[in-house]
Amino acid sequence: GGRVTDLVDLQAVIADADPEWFEQATGAPRLAREAARRVLLVEDSPFFRGLLRGHLEMAGYQVVEAADGLEALEKLDAERVDVVVTYLEMPGFDGYGLARLIHQDERLAGLPVVGIAAPVRDEDRPRQQAAGSAEVQGKFDRQGMLAALARLAGAVEAAQGEAAPAEET
């Protein structure tokens, strides 16, 4: 009706009061805080970055933030992350350029990139894949993004397991 309305994020309030409540209530496996996967979240809008950060943290991820592709590259030089989640359409150095540079850099080539778009259009998929995005999800598809992160984590762990040298007995 043309008015601003404040909403309470009950999930965040409960999680602040008792971080394990959701795992206990749903029977979902608990992700140990110290073993939480680190996600580099790249989004130019502070509002959407905060929203996505909340979703990721509620799912047990540790989040490192960047406002654009250049800041993301600085973060990648300074910090270890397990996956990059980047909005694809940003002014200046966008998510396409970031994914392309990650894919071309020997040190980062194995780092999965999840591109987020609003909306995800079929005609954009070739460009997203050419840039090196392992997955592309809708900006407002929380479940899709979390499922993509879980799939990528499984693939990375499997690849690391195959690359690990066999133990001698």
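These legends walk through several close-up views of one predicted protein model. Because the model is predicted, local features need pLDDT of at least 70 and side-chain atom pairs count only at pLDDT 80 or more, while totals for chains, interfaces and linings use all residues. Residues are numbered from 1 along each chain as its sequence is written, and side-chain values use heavy atoms, with hydrogens and water left out.

View 1. Helices (H or I, at least four residues) and strands (E, at least two) are DSSP runs, numbered from the N terminus. Of its 169 residues, 35% count as buried; buried means under 20% relative accessible area, exposed over 50%, and partly exposed in between (1.4 Å probe, protein chains only). Among contacts with a separation of 6 or more, 60% join residues 24 or more positions apart, where contact means heavy atoms within 4.5 Å.

**View 2. Five strands make an open, parallel sheet.** Their order is β2-β1-β3-β4-β5, and two strands pair if DSSP finds at least two bridges between them. At the edges sit β2 (62–66) and β5 (135–138), each pairing on one side only. Neighbouring strands are turned by 25 degrees against each other on average, direction ignored. Axes here are lines fitted to C-alpha atoms, for helices over the stretch in contact, and angles run from 0 to 180 degrees between N-to-C directions.

**View 3. Strand β1 (residues 38–42) pairs with β3 and with β2.** Four bridges join β1 to β3 (residues 83–87), and five bridges join β1 to β2. Look for valine 39: this residue stands opposite valine 83 in β3 and opposite valine 63 in β2. Five of the five residues of β1 are buried, so the strand is largely enclosed by the rest of the structure. Arg38, Leu40 and Val42 lie on one side, with Val39 and Leu41 on the other.

**View 4. Helix α3 (residues 46–58) lies across β1, β2 and β4 (113–117).** It runs at about 165 degrees to β2. At 1.5 Å a residue, the 13 residues of α3 should span 18 Å, and its end C-alpha atoms are 18 Å apart, which agrees; the expected span is 1.5 Å times one less than the number of residues. Arg49, Leu52 and Leu56 are buried in α3. Seen down the helix axis, the buried residues fall within an arc of 70 degrees, so they line one face; the arc is that of the directions from the axis to the C-beta atoms. Just after α3, glycine 60 takes a positive phi of about 100 degrees.

**View 5. The largest nonpolar core has 30 residues.** Such a core is a set of buried Ala, Val, Leu, Ile, Met, Phe, Trp, Tyr and Cys residues joined through side-chain atoms within 4.5 Å. Leu40, Leu56, Val84 and Leu149 have the most contacts inside this one. Leucine 149 touches Leu56, Tyr61, Val83, Val85 and Val114, not counting residues up to four places away in sequence.

**View 6. Glutamine 137 lies in strand β5.** At 11% relative accessibility, this residue counts as buried. Leaving aside residues up to four places away in sequence, glutamine 137 touches several others, including Val114, Ile116, Met145 and Arg151.
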